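User: Could you walk me through how to read a model like this one? I'd like the general idea behind each feature before the case itself.

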Amino acid sequence: MASSREIKRRIRSVKNVAQITRAMEMVAASKMRRAQRNVLAARPYADRMRDLIGELTVRVVGSAKKGSLLEKRSQVRRVGLIVVTPDRGLCGSLIANVVRRATRFILDQRAMGREVDVFTYGKKGRDFIVRAGYPLAGEMVKIGDAPKIEDILGVAIQAVKGFESGRYDELYIVYSEYINTLVQRATIKQLAPVEAPAPASGARADFTYEPSQEEVLTEVLPRYVESQIYQAILESIASFYSAQMVAMRNATKSAKDLVKELTLTFNKARQAAITKEVSEIASGAAALAE
Amino acid sequence: MPMHLEIVTAEKVVLSEEVDQINAPTRDGRIGVLPRHEPLMTILKPGEMTIIKNGERIPFAVSGGFMEILSNRVVILADTVERADEIDEARAERARALAEERLKNAQTDRDIAMAEVKLRKEVVRLQVAQMKNIRRQ
């Protein structure tokens with residue numbers, strides 16, 4: 001059995017770990033709440049854009065023309081995949097899940113004879129793609145806790161232009177969808193061609209469009225795709241902090257359990273030492289008495 | 001009778017209140033919107049947008065987007081928007097110079113795209129900040 005002094009030292013170090021993980025849990029919890037608010041705040045814009053596209057695709061004849069983000073191509077040779085991960089770890093299985101989903105997608109696409117170019121948001125995803133040797137077409141790291149849309153547009157525009165120019169025939173995004181504090185799901189979504197939603201019902205038939213319906217549609221489509229990418233990034237941030245919060249809570253609990261166990265061992269060792277000492281004294285006294 | 005104006009960006013709902021008039025730069029020229037305007041959907045171009053509310057003019061710098069008018073409800077979907085009186089002219093000038101510098105040095109497609117977006121925004125901010133100063137004199 002380890003000496004009681006050694007056990008004492010271990011107890012102290014495990015207690016320190018618990019303190020740190022507890023602090024990280026609380027930081028993650030507060031950042032998670034802010035990230036959740038950001039996700040919700042970004043929704044009205046994306047919703048309105050979607051409605052607009054729904055209305056316009058019905059009105060504009062031949063809206064899925066060549067180079068438009070609505071164009072469905074008969075032959076898909078190359079697709080673009082945007083992978084969104086956090087910059088840092090300590091968030092349980094979140095990164096592994098996203099990376100696994102991305103890998104499966106790439107392999108599936110290749111099995112269909114399509115090539116895949118990857119864009120990444122976040123350091124972890126970038127590192128993985130580079131290590132795995134998949135072609136990396138664009139990347140952004142250091143996204144921060146609350147990016148503005150203009151901060152993240154670089155890669156997004158690159159991907160969107162890649163579709164418009166015909167380099168990519170389809171665009172996808174894989175990210176960690178925020179479902180609730182305990183559940184985040186690695187999800188894959190098609191960005192382009194844009195699936196036009198059914199137009200919202202209601203009396204909006206008498207709108208005048210300036211300069212024209214077609215031009216408005218042309219302007220709306222890339223912004224819609226960009227806002228979807230932005231939304232995915234915000235959701236990933238919220239997912240990251242809730243996963244980190246849960247991971248840190250588990251770590252704190254494990255550390256506390258360990259402290260309990262070590263304290264028990266320590267007490268046993270102490271008791272054994274006392275028993276030994278007492279019996280030594282007793283046998284010494286007995287020897288003297290003889 | 002006032003109308004309801006909502007300014008929405010990709011990040012959040014920036015403003016949601018009753019206003020009397022809106023002057024906005026559209027692709028086909030500046031337009032003024034009063035209550036009971038005909039339903040209209042139009043593209044905004046970068047420039048100065050003003051809201052008039054209780055006789056007070058509130059200028060904004062907008063870098064593009066859409067304006068949707070439905071009788072007494074106006075929704076502006078802006079790329080970026082900022083209250084003009086919150087723009088510091090000297091800082092805006094520095095930001096513009098920095099954006100220009102970045103565009104010159106940009107190597108990759110991503111950097112060029114980023115720098116263009118930034119520059120366009122900074123140019124408008126600066127213009128609006130300067131307009132505001134001229135009006136004050």
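Analyst: Happy to! Let's start with burial: a residue is buried if 20 or more other C-beta atoms, placed from the backbone, lie within 10 Å of its own, exposed if 12 or fewer, and partly exposed in between. Here, 36% of the 137 residues of chain B count as buried. This is a predicted model, where local features need pLDDT of at least 70, side-chain atom pairs count only at pLDDT 80 or more, and totals for chains, interfaces and linings use all residues. Residues are numbered from 1 along each chain as its sequence is written, with chains lettered from A and ligands numbered from 1 in the order in which they are written.

User: Which elements does chain B have?

Analyst: Helices (H or I, at least four residues) and strands (E, at least two) are DSSP runs, numbered from the N terminus. Chain B has 10 strands and two helices, in the order β-β-β-β-β-β-β-β-β-β-α-α.

User: How many residues of chain B are in contact with chain A?

Analyst: Two residues are in contact if their C-beta atoms, placed from the backbone, lie within 7 Å. By that rule, 26 residues of chain B touch 25 residues of chain A.

User: Which strands pair across the two chains?

Analyst: Strands pair if DSSP finds at least two bridges between them. Strand 6 of chain A (residues 208–210) runs parallel to strand 5 of chain B, with three bridges. Within this pairing, A:Tyr209 stands opposite B:Met41.
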